[in-house]
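Hello,

Below is the structure I said I would pass on. My notes on it follow; please read them with the model open.

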Amino acid sequence: MKILFSTGSLSHLPIKEVFSLVKEGGFDGCEFVIGKNINRKGYKSEIEECLEILPIYSIHAPYVHIASWGNEVEALRCSIELAKELHTQVVTFHPPSWLAREIRFYRWFKNVNNFQEELDCENVFLDIENMPLIKLMIPPYILNNFKKMIKFGLKKNLYFTYDITHIGTYGHDVIDGFFAYYDTGRLKNVHLSDYSLWREKSHLGIGRGELPIVRLLNTMRRSGYDGFVTLEIAPNELPRTREWLLKVLSYSSSLLKLHLDIDMGPDDLSNPS
């Protein structure tokens with residue numbers, strides 16, 4: 001099992017600085033979130049240089065439109081090709097959104113019979129992520145019911161990223177949700193952050209909401225889960241100064257390692273101070 005940090009949580013910082021902070025904070029690697037910076041000249045070379053700092057174990061396909069990457073299907077294909085180039089194991093993507101009027105994406109999505117084969121994934125695991133409940137007359141995403149998503153994924157040869165703060169928006173038990181995914185044998189990544197039901201706030205820092213995160217971590221350890229655990233916190237939840245940001249990262253990685261029973265070196269033990 002490896003603990004990762006989502007680069008989307010520090011999207012305001014230069015990418016190489018993000019990787020350096022994450023390494024110093026005690027994480028094993030990053031989940032690289034593809035954003036509009038991918039268009040910037042020389043940015044891909046910067047990403048490759050980041051691999052000298054920490055591995056990219058997971059890539060999150062873009063959830064904003066990137067003109068140079070085409071429509072949602074083309075962007076997903078580009079994400080998979082980038083994963084192959086960077087020797088990344090997992091690509092996570094969101095299901096089509098009614099709210100964003102992704103009608104063409106939906107029509108393609110529902111007609112795919114085998115995602116791994118038809119997108120030529122080879123050794124990359126293509127993960128679909130469960131999405132949050134938003135109180136609108138029409139659910140913003142298709143497959144908003146995570147059990148239906150699991151059934152769809154098993155039928156269509158998809159793997160899974162389980163986001164616990166999104167499950168929290170429904171008021172569901174996050175541990176029951178974990179077992180629903182884990183029992184498929186296709187769970188590759190768990191997006192970890194807290195959720196406050198009474199404040200209706202997502203992607204909070206650990207301990208800032210009401211989710212039983214420590215109990216979930218201990219359950220994951222006892223179950224033998226050996227995939228990725230990715231800390232994915234909203235940018236406004238993190239400090240702006242390097243000193244305090246590093247303290248939060250170090251504390252978070254140490255907490256995860258403690259309850260997941262991942263070996264900690266001397267540096268890890270002193271990090272939260």
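A salt bridge, as used here, is a side-chain nitrogen of Lys or Arg within 4 Å of a carboxyl oxygen of Asp or Glu. Please keep in mind that this is a predicted model: local features need pLDDT of at least 70, side-chain atom pairs count only at pLDDT 80 or more, and totals for chains, interfaces and linings use all residues. Residues are numbered from 1 along each chain as its sequence is written, and side-chain values use heavy atoms, with hydrogens and water left out.

Salt bridges

The structure holds eight salt bridges. One of them joins Glu 81 to Lys 84, with 3.1 Å between the closest N and O atoms. Both residues sit in helix 3 (residues 72-86), three residues apart, which is about one turn of the helix. Helices (H or I, at least four residues) and strands (E, at least two) are DSSP runs, numbered from the N terminus. Glu 81 has a relative accessible area of 38% and therefore counts as partly exposed. The cut-offs are these: buried is under 20% relative accessible area, exposed is over 50%, and partly exposed is in between (1.4 Å probe, protein chains only).

Lys 84 also meets Asp 120 in a salt bridge, at 3.6 Å from N to O. This pair links distant parts of the chain: Asp 120 is in the loop between helix 5 (115-118) and strand 5 (125-129), Lys 84 is in helix 3, and 36 residues separate them. Asp 120 is partly exposed, because its relative accessible area is 42%. Glu 81, Lys 84, Asp 120 and Glu 122 are linked in a network of salt bridges.

Another salt bridge is formed by the side chains of Arg 208 and Glu 237, 2.8 Å from N to O. Here too the pair links distant parts of the chain: Arg 208 lies in the loop between strand 9 (201-204) and helix 9 (213-223), and Glu 237 in the loop between strand 10 (228-231) and helix 10 (242-260), 29 residues apart. Arg 208 counts as partly exposed, since its relative accessibility is 43%.

Buried charges without a salt bridge

For charge, Lys and Arg count as positive and Asp and Glu as negative, while His and the chain ends are not counted. Glu 31 lies in strand 2 (residues 29-33). Glu 31 is buried yet has no salt bridge, and the nearest side chain of opposite charge, Lys 188, is 14 Å away. What does the side chain of Glu 31 meet in a polar contact? The partner is the side chain of His 191, at 2.9 Å. A polar contact is a pair of N or O atoms within 3.5 Å; within protein, one must be able to donate a hydrogen and the other to accept it, and residues adjacent in sequence count only if both atoms are side-chain atoms.

Asp 127 lies in strand 5. Asp 127 is also buried and without a salt bridge, with Lys 188 as the nearest side chain of opposite charge, 7.4 Å away. The side chains of Asp 127 and Thr 161 form a polar contact of 2.9 Å. Leaving aside neighbours within four places in sequence, the residues in contact with Asp 127 (contact means heavy atoms within 4.5 Å) include Val 90, Phe 93, Tyr 159 and Lys 188.

Two other buried residues

Tyr 162 is in strand 6 (residues 159-163) and is buried, with a relative accessible area of 0%. A polar atom of the Tyr 162 side chain lies 3.4 Å from the backbone nitrogen of Phe 178. Beyond four places in sequence, the contacts of Tyr 162 include Asn 130, Ile 167, Leu 187 and His 191.

Leu 260 belongs to helix 10 and is buried, at 4% relative accessible area. Not counting residues up to four places away in sequence, Leu 260 touches Met 1, Ile 3, Leu 217, Met 220, Arg 221 and Val 229.

The chain as a whole

The protein chain has eleven helices and ten strands. Of its 273 residues, 53% count as buried. Among contacts between residues at least 6 apart in sequence, 74% join residues at least 24 apart. The C-alpha trace spans about 50 × 45 × 35 Å along its principal axes.

Regards
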